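Here are my notes on the model you sent over. Have it open while you read.

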Amino acid sequence: MKVTLLGAGAWGTAMASQAARQLQAEDVCLWSRSDKQLQDIVQTGENQSYLPGISLPKNLLLESNFAAAVKRVGPEDLLVIATPMSGLSETIANALKIANQPLNIIWLCKGLEPSTALLPHQVVGREDRAHSHGLKHAYGALSGPSFAHEVGAGMPCALTVASSSTHLCEIVQAAFHHGNMRVYSSDDLIGVELGGAVKNVLAIAAGIGDGLNLGLNARAAVLTRGLAEMMRLVKAAGGKSETCMGLTGVGDLILTATGDLSRNRRVGLELAAGKSLDQILASLGHVAEGVLCAAAVSDLAKRLDVEMPITTMMGEVLSSKLTPKEALKKLMGRDPKIES
């Protein structure tokens with residue numbers, strides 16, 4: 001089996017390393033649009049821009065030609081879209097234009113398309129209808145609590161692949177379920193994707209709470225009530241609320257909201273310290289998906305008539321309509337209600 005990953009950021013590089021530890025020489029290909037980045041990887045043995053300090057397997061094939069990377073994937077192989085959410089639409093469209101046979105495709109990004117509030121599978125479906133030329137591709141998402149640096153180092157991790165295709169789930173498990181990584185399967189694509197989107201927004205809220213020194217009680221309240229928001233939205237969108245109790249819901253929420261490697265948590269901490277969002281994003285060097293999709297999650301919630309007060313307040317803070325302290329005051333000033 002061949003695996004091609006499109007996108008040589010931290011997560012794409014880490015997952016390429018995970019696959020390359022199991023598969024044979026040159027069966028795993030990592031594509032980057034940057035020749036310089038690939039040259040640096042060859043020279044140093046590391047992706048120093050995105051995953052410094054992690055030695056990459058020597059059998060990992062590097063490719064800067066997009067068409068060549070896509071064409072090496074056959075009907076029993078796996079194509080992995082490892083771009084941020086902002087790059088999903090363009091990348092999948094370009095891949096489908098090139099494909100001349102049915103492909104097994106998964107994506108690693110978490111979030112919603114900001115301009116449309118579409119979930120990743122809806123974005124992919126739109127591009128599929130426009131560019132697939134009648135070919136029947138299999139699609140799915142791979143998600144869960146996972147910091148790229150730890151995965152790159154081979155530390156224990158558990159993920160979930162979600163798809164309506166059992167065969168695709170089996171291919172993904174064959175590629176990545178080995179060593180210290182477990183990959184579970186699910187047919188709830190909506191639940192898995194929405195969990196990955198909402199938890200990033202809630203992690204910013206948790207970071208703000210910690211940055212304002214609100215205490216551990218407050219953090220527990222944010223995570224618990226935020227999880228309730230996630231479950232309501234997943235159910236209203238057609239997913240299974242119980243999916244939120246698994247790896248891609250509460251598991252990823254705990255990691256992202258409390259882990260020191262979390263970019264979304266860092267955004268919240270620095271917002272609480274009074275820094276502007278522009279300053280924070282400029283210093284990150286990586287994408288913080290919660291910033292990009294907070295408004296889209298709120299828009300989806302409004303469209304589905306779902307109450308999500310924490311998520312809504314985060315959208316207000318990130319758009320500079322409220323300060324963190326003003327958002328806290330509004331949340332704490334809400335009328336009492338039955339817990340649900």
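The points below go from the domain layout to the interface and then to the aromatic pairs.

1. First, the ground rules. This is a predicted model, with local features needing pLDDT of at least 70, side-chain atom pairs counting only at pLDDT 80 or more, and totals for chains, interfaces and linings using all residues. Numbering starts from 1 along each chain as its sequence is written, and side-chain values use heavy atoms, with hydrogens and water left out.

2. The protein splits into domain 1 (3-187) and domain 2 (196-333), bounds that come from an automatic or database domain assignment. Their C-alpha centres sit 26 Å apart.

3. On contacts (heavy atoms within 4.5 Å), 22 residues of domain 1 meet 24 residues of domain 2. About 1800 Å² is buried between the two domains, 70% of it from carbon and sulfur atoms; buried area here is the accessible area (1.4 Å probe) that two parts lose on being put together, summed over both. Have a look at Lys110, Leu112 and Phe147: they supply 34% of what domain 1 buries against domain 2, more than any other three residues.

4. Two salt bridges link domain 1 and domain 2, where a salt bridge is a side-chain nitrogen of Lys or Arg within 4 Å of a carboxyl oxygen of Asp or Glu. Elsewhere in my list, Lys240 forms a salt bridge with Asp187, with 2.9 Å between the closest N and O atoms.

5. Which strand gives the largest share of the side of domain 1 that touches domain 2? That is β7 (residues 157-162), with three residues; strands (E, at least two residues) and helices (H or I, at least four) are DSSP runs, numbered from the N terminus.

6. The structure holds two aromatic pairs, meaning rings of Phe, Tyr and Trp (its six-membered ring) with centres within 6.5 Å; planes under 30 degrees apart are stacked, over 60 edge-to-face, the rest tilted. Trp31 and Phe66 have ring centres 5.1 Å apart and planes at 85°, so they are edge-to-face. Trp31 lies in strand β2 (residues 28-31) and Phe66 in helix α3 (residues 66-71), so the pair ties together parts 35 residues apart in sequence.
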